[in-house]
Amino acid sequence: MRFPTPAPLVALAFFAACGGDLTLPGGPGGGGAPEPDRVRVVDGDNQQARTGELLSDPLVVQVTDTGQAPVPGTQVEFSFVGDAAGAVLDPAVTATDSSGIASAAVRLGSASGEQEIVARVTGTDLTASFTATATSGGKGKGGKHGDGGEGED
């Protein structure tokens, strides 16, 4: 013997199972995408290169939410602190990927010494800092400037 299942009874069972315990991304109000809570350095800190040269590795940060989950699509601005004549960041503004990662290549400025770069989540106070050292002569970390032999032209 077959009993028909009334549609309202199925709908009621579905809503009862889902109840009010459902939490959507972005918080209890279901505000959509997760909000950035932290930006942290992943790679590229404490590098060294000659003045005016590219660092061997890009600067890499990750943006996460309060649960430490990656936040994709977040705008991150990279900038030098103070006057860094001749310095270049490429790109200066970029969006995080699906893993919450953003990166930028760095050409150091013309002055030797430490140069500080900050990655800031656009529109927030969330930052991460990098330090790079520009040398006026010799080889930078990972720099390849000839084979080191004498009599190079």
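This is a predicted model: local features need pLDDT of at least 70, side-chain atom pairs count only at pLDDT 80 or more; totals for chains, interfaces and linings use all residues.
Close-up 1. β3 is mostly covered, with six of its six residues buried.

**Close-up 2. The strands that pair with β3.** Here we meet strand β1, residues 38–43, which pairs with β3 in the antiparallel sense over five bridges. Within this pairing, look for Val41, whose bridge partner in β3 is Val61. β7 also pairs with β3 in the antiparallel sense, over four bridges. Here Gln62 stands opposite Ile101 in β7.

**Close-up 3. Val61 and Phe78 in the largest nonpolar core.** This core has 23 residues, and Val61 and Phe78 touch the most other members. At least two residues each come from β3 (59–64), β4 (75–80), β7 (101–107), β8 (113–121) and β9 (127–135). β9 gives the most, with four residues. Leaving aside residues up to four places away in sequence, Phe78 touches a list of residues including Leu59, Val61, Leu89, Pro91, Ala104, Val118 and Phe130.

**Close-up 4. Gln115, a buried residue in strand β8.** Follow β8 to find Gln115. Its relative accessible area is 7%, so Gln115 counts as buried. The side chain of Gln115 reaches the backbone oxygen of Ala111 at 2.9 Å. Not counting residues up to four places away in sequence, the residues touched by Gln115 include Phe80, Ala87, Leu108, Phe130 and Ala132.

Conventions:
Residues are numbered from 1 along each chain as its sequence is written. Side-chain values use heavy atoms; hydrogens and water are left out. A nonpolar core is a set of buried Ala, Val, Leu, Ile, Met, Phe, Trp, Tyr and Cys residues joined through side-chain atoms within 4.5 Å. Buried means under 20% relative accessible area, exposed over 50%, partly exposed in between (1.4 Å probe, protein chains only). Contact means heavy atoms within 4.5 Å. A polar contact is a pair of N or O atoms within 3.5 Å; within protein, one must be able to donate a hydrogen and the other to accept it, and residues adjacent in sequence count only if both atoms are side-chain atoms. Two strands pair if DSSP finds at least two bridges between them.
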